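User: I should like to learn how to read a helical protein model. Could you take me through it feature by feature?

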Amino acid sequence: MAETARTRPDNLLVFGLATFHVTLLTTTGLFVLHSSGSIGRLLAGLDTLTGFALFLALWASTWWTTRWVLTRAPLNPENSDSRLRSAMLWGYLGGAVTGIVFLPVAFVLVFLFTFGVAVLANLASFIVLVFGIPVAAIVGGLVGTAFGLFDFCIYRVASSFVPKRRA
């Protein structure tokens with residue numbers, strides 16, 4: 001479905017949802033790592049520039065897929081496509097695409113900033129990447145489903161406080 005003026009999602013909504021999703025996901029991941037005591041070892045090999053590049057790559061891929069999902073399944077409660085099942089299905093697809101797009105980018109960024117280009121040519125690193133993409137798609141899809149459910153519910157609750165427009 002091509003994006004038209006009628007199906008184009010609100011830019012502020014796309015920005016807000018993408019930023020919320022990435023912030024909640026990274027904060028939760030860091031909290032879990034901190035609670036397990038392994039965050040120091042994990043972050044010891046990364047510097048601020050690498051961490052910022054990873055966050056930016058995750059945000060950009062999430063922004064792109066959020067816009068793609070909202071074009072096909074708007075959260076507008078007046079639209080018949082915005083039912084819960086549709087939001088969860090499109091959330092799964094958007095999360096899976098985000099995982100598929102983000103993993104190779106993260107892989108390249110971490111190896112470029114940490115080890116240099118020579119490691120990227122290693123066959124073992126490509127094998128890990130090839131087997132990691134299906135896992136990233138599944139994990140991204142599950143996270144996307146949860147975000148789709150959350151977005152649908154919170155948008156419905158927020159819409160109940162706004163007066164309905166008269167035609």
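User: What is the mean pLDDT of the protein, and where is confidence lowest and highest?

Analyst: pLDDT is the predictor's confidence in each residue, from 0 to 100. Where it is low, the predicted coordinates should not be read in detail. Here the mean is 84, and 84% of the residues reach 70 or more. Confidence is lowest in helix α5 (residues 117-120), with a mean of 60, and highest in helix α1 (residues 11-36), at 92.

User: How many helices and strands does the protein have?

Analyst: Helices (H or I, at least four residues) and strands (E, at least two) are DSSP runs, numbered from the N terminus. The protein has six helices and zero strands, which gives the pattern α-α-α-α-α-α along the sequence.

User: What span should α1 and α4 have, and how far apart are their end C-alpha atoms?

Analyst: The expected span of a helix is 1.5 Å times one less than its number of residues. For the 26 residues of α1 this comes to 38 Å, and its end C-alpha atoms are 38 Å apart, in agreement. After α1 comes G37, which has a positive phi, near 85°.

User: At what angle do α3 and α4 pack?

Analyst: Axes are lines fitted to C-alpha atoms, for helices over the stretch in contact, and angles run from 0 to 180 degrees between N-to-C directions. Angles under 35 degrees count as roughly parallel, over 145 as roughly antiparallel, 65 to 115 as roughly perpendicular and the rest as oblique. Helix α3 (residues 48-72) and helix α4 (residues 84-114) pack at about 160°, with axes 9 Å apart; they are therefore roughly antiparallel. Their contact has 18 nonpolar, six polar and one charged residues (Ala, Val, Leu, Ile, Met, Phe, Trp, Tyr, Cys and Pro count as nonpolar, Asp, Glu, Lys and Arg as charged, and the others, Gly among them, as polar).

User: How do the axes of α1 and α3 cross?

Analyst: These axes come within 9 Å and cross at roughly 135°, so α1 is oblique to α3.

User: Which residues of α1 and α4 are buried?

Analyst: Buried means under 20% relative accessible area, exposed over 50%, and partly exposed in between (1.4 Å probe, protein chains only). Of the 167 residues of the protein, 32% count as buried. In α1 the buried residues are V14, L17, A18, H21 and V22. Those of α4 include G94, G95, F107, L109 and F111. A87, also in α4, is buried at 11% relative accessibility.

Definitions and conventions. Residues numbered from 1 in each chain as written. Predicted model: local features only at pLDDT ≥ 70, side-chain atom pairs only at ≥ 80, totals over all residues. Heavy atoms only, no water.
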